[in-house]
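Visitor: I would like to go through this protein fold with you. Please show me the sequence and the structure.

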Amino acid sequence: MAKKNPPEFLVNLATLPQGFHRRRLARDGVGFEAFIWRGGPGPVLVVNGATHGDEYEGPTLLRQWAQRWKPKTLRGTVVFIPVLNEVAFFAGARCRPDDGANLARSFPGNRRGSPTSRLACLFDQQVLAQATHYVDFHSAGGANRLKPWVGYVTGMPGPIDRAQRAMAACFDRFWVWSGPPLPGRTLSSARARGVPAIYTECQGAGDVAATDLVALNLGLRRLLITLGLVSGAKPRLRKQLTRITRSAKETHLQVHHQAPHDGLFVLATRLGDKVRRGEVLGEVLTLAGQNVVIRAEHAGQVVLVRIQRSVRQGDALAVLLPV
Ligand SMILES: [Zn+2]
């Protein structure tokens with residue numbers, strides 16, 4: 001399933017001397033900073049934050065590690081990219097303002113495409129192409145708040161599926177939500193390359209919750225041990241609440257309870273609440289004076305809510321985990 005790679009890597013991890021390196025990977029007018037720990041032979045773990053520009057948990061944690069982590073022995077290579085989508089990050093926005101494209105819908109990208117498409121292509125061909133394991137740190141961003149989870153794509157061949165489940169289990173403070181592949185994601189490219197991959201979703205709300213940072217940090221340490229990159233006692237893991245769904249729609253967060261009009265959103269429920277089908281989740285008040293009630297499409301637990309009160313038609317206002 002591997003795609004054709006360019007003949008030369010901008011940074012070839014296989015020939016990089018052992019030690020710690022900071023490199024800027026840039027091509028076609030797009031780029032990002034990478035922190036690389038190159039050890040002996042072993043796995044190549046790639047972790048990034050800020051695929052979406054308004055998600056700060058991943059950047060915060062990875063930047064801290066880049067500053068402080070000095071492994072005594074390392075069996076393999078670790079690549080951290082705290083901020084993948086720099087232009088969106090500095091705009092404080094989910095997507096780059098210049099082309100408006102969602103990086104998490106743009107993979108595998110195209111060197112002759114929009115800036116976002118070129119960025120996807122750079123990351124796919126230059127970084128994912130050299131990875132053996134991949135983690136994408138997401139969050140609810142500035143407009144939403146969620147109950148943190150970890151997920152992966154189902155339907156992968158046995159060894160990859162087992163690797164993904166073991167990786168997700170490291171993040172044991174989060175529950176697990178996994179489903180069929182969706183196109184355009186970083187995980188779609190990892191899947192096409194046969195690279196075991198997971199993503200995490202932290203609570204967001206435009207901030208970095210201390211509890212999320214602790215959970216992510218613990219998960220990352222355990223992941224390094226689990227993959228054999230560093231030594232350490234085998235972690236004792238909490239059992240996670242797990243939901244594996246056959247519905248790709250279920251884990252596609254942007255298609256649930258969409259605002260029927262532009263307007264002011266008034267939320268009538270709280271994160272974590274269990275609601276019945278038809279129960280009122282909130283109301284969209286149009287500026288012209290209409291009120292439209294938003295009702296639960298199915299029974300479930302509220303795992304994501306919109307916190308930005310101005311909404312555009314089509315914005316997702318809430319996501320329910322079916323229970
Ligand atoms: Zn995201």
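Visitor: In what order do the four strands of the open sheet lie?

Guide: This is a predicted model, in which local features need pLDDT of at least 70 and side-chain atom pairs count only at pLDDT 80 or more, while totals for chains, interfaces and linings use all residues. Residues are numbered from 1 along each chain as its sequence is written. Helices (H or I, at least four residues) and strands (E, at least two) are DSSP runs numbered from the N terminus, and two strands pair if DSSP finds at least two bridges between them. The pairing in this open sheet is antiparallel, and the order is E14-E13-E11-E16.

Visitor: Which are the edge strands of that sheet?

Guide: An edge strand here pairs on one side only. That applies to strand E14 (291–295) and strand E16 (310–311).

Visitor: Which residue in E13 stands opposite Phe-265?

Guide: Strands of a sheet pair through backbone hydrogen bonds, either parallel or antiparallel. E11 and strand E13 (residues 280–285) run antiparallel and are joined by four bridges. The residue in E13 opposite Phe-265 is Val-284.

Visitor: Why does Ala-50 count as buried?

Guide: Ala-50 is found in the loop between strand E3 (40–49) and helix H1 (57–68), and its phi is positive, about 55°, although it is not a glycine. A residue is buried if 20 or more other C-beta atoms lie within 10 Å of its own, exposed if 12 or fewer, and partly exposed in between, with C-beta atoms placed from the backbone. Ala-50 counts as buried because its C-beta neighbours inside 10 Å number 27.

Visitor: Is His-257 buried or exposed?

Guide: His-257 sits in the loop between strand E10 (242–244) and strand E11 (263–267). Although not a glycine, His-257 has a positive phi of about 45°. It has 20 C-beta neighbours inside 10 Å, so His-257 counts as buried.

Visitor: What distance separates the C-alpha atoms of Gly-76 and Gly-40?

Guide: Gly-76 belongs to strand E4 (residues 75–81) and is buried, with 21 other C-beta atoms within 10 Å. Beyond four places in sequence, its contacts (C-beta atoms, placed from the backbone, within 7 Å) include Gly-39, Gly-42 and Leu-229. Gly-76 and Gly-40 are 36 residues apart along the chain, and their C-alpha atoms are separated by 5.2 Å.

Technical notes
Two residues are in contact if their C-beta atoms, placed from the backbone, lie within 7 Å.
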